Amino acid sequence: MPTPARAYAAQSADTALAPFSFERRDPQADDVAIDILHCGVCHSDVHTARSEWGGTLYPCVPGHEIVGRVTAVGGDVTNFAVGDIVGVGCMVDSCGTCPSCNEGEEQYCEGSGFVGTYNGPDPVMGGHTYGGYADHIVVKQDFVLRITHDEADLAAVAPLLCAGITTYSPLKHWKVGPGQKVGVVGLGGLGHMGVKIAAAMGAEVHVFSTSPGKRDDAKRLGATDLIVSKDDAAMAGHAGSFDFILNTVAAPHDLNLYLNLLKRDGTMVLVGVPDSPHDPVEVANLVFKRRSLAGSLIGGIRETQEMLDFCKAHGIVSDIEPIAIDQINTAWDRMVKSDVKYRFVIDMDSLKAA
Ligand SMILES: [Zn+2]
Ligand SMILES: [Zn+2]
């Protein structure tokens, strides 16, 4: 007997989110049922609900920064028990047998591709998956994360499940650490996590932003300085000096501006996907200093757990603005205008009380 779920959904690309009911599966043998306490609000939620990337299935229940409490477990579940505080990020399943899955990089699954927490093919119920703007969710245990932060921090932990891992994974993969000069382009939901994590890894962090007004905040988050990207003289002063640049800006812009700031053998990683192309990359900017331009997609489940444990050990959570579910449409409009410091998180009690 599937269980009724309450949620907020978009019924089409141009309608606002509104209350919606559907059914979640009962926990299967390897499933964990989770009462959702908090769900972060990610730009991907808006892109998907408004079908800005195409291929959105409706009704669309977004949300992939989920923190909740376990309410039931299937008979084969060994790692979680009723009452545990857990997280769910961007994925709820993958093929489990391809080379990427075998190496714990499920986000790059070469089988059927990973199953998104929302807008993915639901392997059990059929149809498509519904995300975390809901009162509860049922997820295979292999895609459930353990959360050890204090209960008072749980709302601020939610954004780690997407914004946290999206920035942690490339910083870890390219071995950012002490003695390195690291740039973070953009100080939004992703960027502010990138600053905190890179600083905790021991790097000297500089933020690139078009807004000089964010300087104090950048420093509070752990950066040494903020470099105004429109200030040609300031940018030129840092030419050839960065070991690594994490570029979180999805909007089309001139990547050469930042490639020029990398040292020999430096790397810039893009984590935002633009909806129209960036300006062309000058190949000479890569060739003459053996620089790399790369991309990175969220992180695997094992690495997501490692990130959560790292953040707990370093006292890292997201800077958030908590909202009630009925404020979600306003919050989306504000997020699209970058008017949030730095992540909205829905208090799901507001849905249950409604
Ligand atoms: Zn996200
Ligand atoms: Zn796979």
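Me: The lining of the largest cavity comprises 7 nonpolar, 3 polar and no charged residues. Which residues line the largest cavity?

Reply: Two conventions come first. This is a predicted model, in which local features need pLDDT of at least 70 and side-chain atom pairs count only at pLDDT 80 or more, while totals for chains, interfaces and linings use all residues. Residues are numbered from 1 along each chain as its sequence is written, chains are lettered from A and ligands numbered from 1 in the order in which they are written, and side-chain values use heavy atoms, with hydrogens and water left out.

A cavity is a set of points, on a 1 Å grid over the protein atoms alone, where a 1.4 Å probe fits but cannot get out; lining residues have an atom within 4 Å of a point. Ala, Val, Leu, Ile, Met, Phe, Trp, Tyr, Cys and Pro count as nonpolar, Asp, Glu, Lys and Arg as charged, and the others, Gly among them, as polar. Here the lining is formed by Gly89, Cys90, Met91, Leu145, Leu161, Ile165, Ile298, Gly299, Ile301 and Thr304.

Me: How many cavities does a search of the whole structure find, and what volume does the largest cavity have?

Reply: A volume is the space filled by probe spheres set on the grid points, which are joined across faces, edges and corners. The search returns 1 cavity of 30 Å³ or more, and the largest has a volume of about 60 Å³.

Me: How much space lies in the second largest pocket, and which residues are the closest to its centre?

Reply: A pocket, unlike a cavity, is an open set with protein on both sides within 12 Å along at least five of seven lines. The second largest pocket holds about 310 Å³. Its lining has 23 residues, and the closest to the centre are Arg25, Asp122, Pro123, Thr129 and Val138. By class, this lining divides into 9 nonpolar, 6 polar and 8 charged residues. Strands are DSSP runs of E with at least two residues, helices are runs of H or I with at least four, and both are numbered from the N terminus. Strands β2 (18-24), β6 (91-93) and β8 (136-140) each supply at least two lining residues, and β8 gives the largest share, with 4.

Me: Which atoms coordinate the zinc ion (ligand 2)?

Reply: Donors are N, O and S atoms within 2.8 Å of the metal (3.2 Å for Na, K and Ca); water is not among the atoms, so sites may look incomplete. The SG atoms of Cys95, Cys98, Cys101 and Cys109 coordinate the zinc ion (ligand 2) at 2.3 to 2.4 Å, and along the chain these donors follow the spacing C-x2-C-x2-C-x7-C. Four donors count as tetrahedral if all angles lie between 85 and 135 degrees. With angles of 102 to 118 degrees among its 4 donor atoms, the site is tetrahedral. Both Cys98 and Cys101 are buried (under 20% relative accessible area; exposed is over 50% and partly exposed in between, with a 1.4 Å probe and protein chains only).

Me: Which residues coordinate the zinc ion (ligand 1)?

Reply: Cys42 (SG), His64 (NE2) and Cys162 (SG) coordinate the zinc ion (ligand 1) at 2.0 to 2.2 Å, with the spacing C-x21-H-x97-C. Distant parts of the chain are linked by the pair Cys42, in the loop between β3 (31-40) and α1 (43-49), and His64, in the loop between α1 and β4 (66-73), 22 residues apart. Cys42 and His64 are both buried.

Me: Why is helix α5 described as largely enclosed by the rest of the structure?

Reply: The reason is burial: 10 of the 12 residues of α5 are buried, so the helix is largely enclosed. Among the buried residues are His192, Met193 and Lys196. Gly202, which follows α5, has a positive phi near 100 degrees.

Me: Where does the backbone show a cis peptide bond or a positive phi in a residue other than glycine?

Reply: Most residues other than glycine have a negative phi, and most peptide bonds are trans. In this model the bond from Tyr58 to Pro59 is cis, with omega near -5 degrees, and Pro59 lies in the loop between α1 and β4. The bond from Lys341 to Tyr342 is also cis, with omega near -15 degrees; Tyr342 lies in the loop between α11 (328-336) and β17 (343-347). Asn119 has a positive phi near 65 degrees and is partly exposed, at 22% relative accessible area. Arg290 has a positive phi near 50 degrees and is exposed, at 56%.

Methods. Four donors count as tetrahedral if all angles lie between 85 and 135 degrees; four count as square planar and six as octahedral if opposite donors are over 155 degrees apart and all others between 65 and 115; anything else is irregular.
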